[in-house]
Amino acid sequence: MEIDRKAFLDSLGGAEGVERMDDEARADALESHMMSELNSAIAAKKSGEAQPPKKYPTAAEVEAQIETRPYRAGVGFMMVPRSGGNVKRLAPMPANPTLQDYFKLRFADTANHVLQSANLAMKNGMSEEIILACLLHDVVQEIMRTDHGWWGAQLFEPYVSEKVTFAIRYHQALRYYADPSVGYEYPDLYRELFGADYVPPPYIEATYQMVRKHKWYMEPRMVAVNDLYAFDPNAIVTIDPFLGIIGRHFKQPKEGLGNDGSPVAHMWRTISRPDQPL
Ligand SMILES: [Fe+2]
Ligand SMILES: [Fe+2]
């Protein structure tokens, strides 16, 4: 996406307004400006308006942005809020929390996106396991974004089928590779996020080659196909349409997620109590 520098500076009160901002506020302002530009581009595209050709940053330019942020891009949304300002005190969790409790009380930044993706998968007639994978595919980004496919699969492994875990783990790698047979194109957002000339690292390429030949290839591929980047703030999807699927395919531990002594219980406790200093 090409940033109109003058319009951006004007929106912040010109060069003087920018001077008064600290680095964090500046980085956040840029991020929210880019998001609103993205939203208007999508709206214009939907209304059939002609689009000017886009200019994406190079991978080197993206890398040069690292030191413009007070945090690393991989850190989870609940750990460093992108909206700026201080974090808020979190509501207490029930004694034996379920997946629905985490959706309601902890997945503040990811719930809308995964609910919309699962809703699309349901509309597209996907299997219940793919719909569940869509519902869970990005929520681990609350604590960690880097390699979130692997982190997410690990978080859910004790509670879902191997196929659902497979879909969550590998959707991340497949996002970088087009598959015209199912209408999946390389996302423009990735040109924006990683740079136009970005080449995924060798482990992503190797993972893609492995998954492409796997009998379950279509499971993560369908998560990628139904993965919505164009968030619609007006389309609020609740968890209610998915309660049946959760009941049939998600083994809720009776002690509650985080209290069940599973190998990933600490990950749930981290989401439950992210303000613990140690
Ligand atoms: Fe993802
Ligand atoms: Fe996603």
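Asp-138 bridges two iron ions, ligand 1 and ligand 2, which lie 3.8 Å apart. The model is predicted; local features need pLDDT of at least 70, side-chain atom pairs count only at pLDDT 80 or more, and totals for chains, interfaces and linings use all residues. Residues are numbered from 1 along each chain as its sequence is written, chains are lettered from A and ligands numbered from 1 in the order in which they are written, and side-chain values use heavy atoms, with hydrogens and water left out.

The iron ion (ligand 1) is coordinated at 2.2 Å by Asp-138 (OD), His-148 (NE2) and His-171 (NE2). Donors are N, O and S atoms within 2.8 Å of the metal (3.2 Å for Na, K and Ca); water is not among the atoms, so sites may look incomplete. Along the chain, the donors of ligand 1 follow the spacing D-x9-H-x22-H. The pair of histidines links distant parts of the chain: His-148 lies in helix 8 and His-171 in helix 9, 23 residues apart. Both His-148 and His-171 are buried. Buried means under 20% relative accessible area, exposed over 50%, and partly exposed in between (1.4 Å probe, protein chains only).

The iron ion (ligand 2) is coordinated by His-113 (NE2), His-137 (NE2), Asp-138 (OD), Asp-227 (OD) and Asp-227 (OD). These distances run from 2.0 to 2.8 Å. The donor spacing for ligand 2 is H-x23-H-D-x88-D. His-137 and Asp-138 are buried.

The protein has 14 helices and 0 strands. Helices (H or I, at least four residues) and strands (E, at least two) are DSSP runs, numbered from the N terminus. Buried residues make up 41% of the 278 residues. Of the contacts with a separation of 6 or more, 73% come from residues 24 or more positions apart. Contact means heavy atoms within 4.5 Å.

Helix 8 supplies His-148 to the ligand 1 site. In this helix, His-148, Gly-149, Gly-152, Ala-153, Leu-155 and Phe-156 are buried. Seen down the axis of helix 8, these buried residues fall within an arc of 160°, so they line one face of the helix. The arc is that of the directions from the helix axis to the C-beta atoms. The buried residues of helix 8 pack against helix 5 (99-105), helix 7 (128-136), helix 9 (162-174) and helix 14.

Two packed helices are described by the angle between their axes and the distance between the axes. For helix 8 (residues 148-156) and helix 14 (residues 265-272), the angle is about 105° and the axes are 8 Å apart. Axes are lines fitted to C-alpha atoms, for helices over the stretch in contact, and angles run from 0 to 180 degrees between N-to-C directions. Helix 8 and helix 14 are therefore roughly perpendicular to each other. Angles under 35 degrees count as roughly parallel, over 145 as roughly antiparallel, 65 to 115 as roughly perpendicular and the rest as oblique. Helix 8 makes the contact through Trp-151, Gln-154, Leu-155 and Phe-156; helix 14 uses Met-267, Trp-268 and Ile-271. By class, the contact of helix 8 with helix 14 has 6 nonpolar, 1 polar and no charged residues. Ala, Val, Leu, Ile, Met, Phe, Trp, Tyr, Cys and Pro count as nonpolar, Asp, Glu, Lys and Arg as charged, and the others, Gly among them, as polar.

Leu-155 lies in helix 8. Its relative accessibility is 0%, so Leu-155 counts as buried. Leaving aside neighbours within four places in sequence, Leu-155 is in contact with Val-140, Val-264, Met-267, Trp-268 and Ile-271. Leu-155 and Leu-136 are 19 residues apart in sequence and 9.7 Å apart in space, C-alpha to C-alpha.

Asp-147 lies in the loop between helix 7 and helix 8. Its phi is near 50°, a positive value in a residue other than glycine. Most residues other than glycine have a negative phi. Asp-147 counts as partly exposed, at 23% relative accessibility.

Two prolines also lie in loops. Pro-81 is placed between helix 4 (59-64) and helix 5. It is partly exposed, with a relative accessible area of 21%. Pro-81 and Asp-109 are 28 residues apart in sequence and 8.8 Å apart in space, C-alpha to C-alpha. Pro-241 sits in the loop between helix 12 (218-225) and helix 13 (243-249). At 41% relative accessibility, Pro-241 counts as partly exposed.
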